[in-house]
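Thanks, everyone; I would like to take a few minutes over one model, going from the overall fold to a single helix and then to a ring pair.

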Amino acid sequence: MVQIQQKTGIARSTLRLLKESGRGKQANPDMNTIERLADVLGVPPAFLLMRPQDWELLSRSVSNSSNYLAAAQKLEEEGRLQATNPIEKVLCECKVHPDLRPRNIDGLQEVARADARDEWRRRACLKLDALMLREISKSSPRKWLTAIAGAWVSLTTPHDPSTCKQ
C-alpha cells in the first residue's frame, strides 16, 4: 500500500477507504484517482469500476461467445465487420435478433413485447458499438469484441423491456 501511495501520490487515507470500500464503508474516487491507480496497477481503469456481478456477466459472455465469434468471422469474410453496428449484424446472423413474431391474432401483447425486445437489443448494440468498437479497426480485436458484445446483449436482453430501464 505504501508503494502504491508513493507511485500514485494518492493519500493513504484515501487508499485505505478504497481498500475497505464494500465493508460498510463507501468510497467515491474521482476519475483522476481511478486513472492513477489503474496506471500503477497496470490495468484498464474500467477494471477498477467493475462490480463482482459485472465480472460474472463478462465471464458468461466470453464463455458463450463461440457462435457469435463464428458469425463475426463470417461478417469479416464478407467485408461487413467494419460496417455500422456489427454487433446487431452478429445477432441477426445467429438468429437471436429480431425476435420471432406470433402468428395468431391473439398474440398482440407478445408482438409488442417482441418489438420492445428488438428495440432494446438495437439500442444496446449501438451503445456497445460506440463504447467498444468506435476506435477498434484491427480485425482480430474487433471480431472478438463484437462476439463478446453480442453474447452480452443476448444474455442481458430482458423478457419484457417495458418493465426495466436500459
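I will begin with how the model is to be read, and then turn to the fold.

This is a predicted model, in which local features need pLDDT of at least 70 and side-chain atom pairs count only at pLDDT 80 or more, while totals for chains, interfaces and linings use all residues. Residues are numbered from 1 along each chain as its sequence is written, and side-chain values use heavy atoms, with hydrogens and water left out.

The protein has 9 helices and 0 strands, where helices are DSSP runs of H or I with at least four residues and strands are runs of E with at least two, numbered from the N terminus. Along its principal axes, the C-alpha trace spans about 65 × 40 × 25 Å.

Let me turn to helix 3, residues 31-41, in which Thr33, Ile34, Leu37 and Ala38 are buried, buried meaning under 20% relative accessible area, exposed over 50%, and partly exposed in between, with a 1.4 Å probe and protein chains only. Seen down the axis of helix 3, these buried residues fall within an arc of 130°, taken from the directions from the helix axis to the C-beta atoms, so they line one face of the helix. They pack against helix 1 (2-8), helix 2 (12-20) and helix 4 (45-49), a contact meaning heavy atoms within 4.5 Å. Just after helix 3, Gly42 takes a positive phi of about 75°.

Finally, the structure holds 1 aromatic pair, formed by Phe47 and Trp55, which is edge-to-face at 4.9 Å centre to centre with 80° between the planes. Rings of Phe, Tyr and Trp (its six-membered ring) pair if their centres lie within 6.5 Å, with planes under 30 degrees apart counted as stacked, over 60 as edge-to-face and the rest as tilted. Phe47 is partly exposed at 36% relative accessibility, and Trp55 is partly exposed at 34%.
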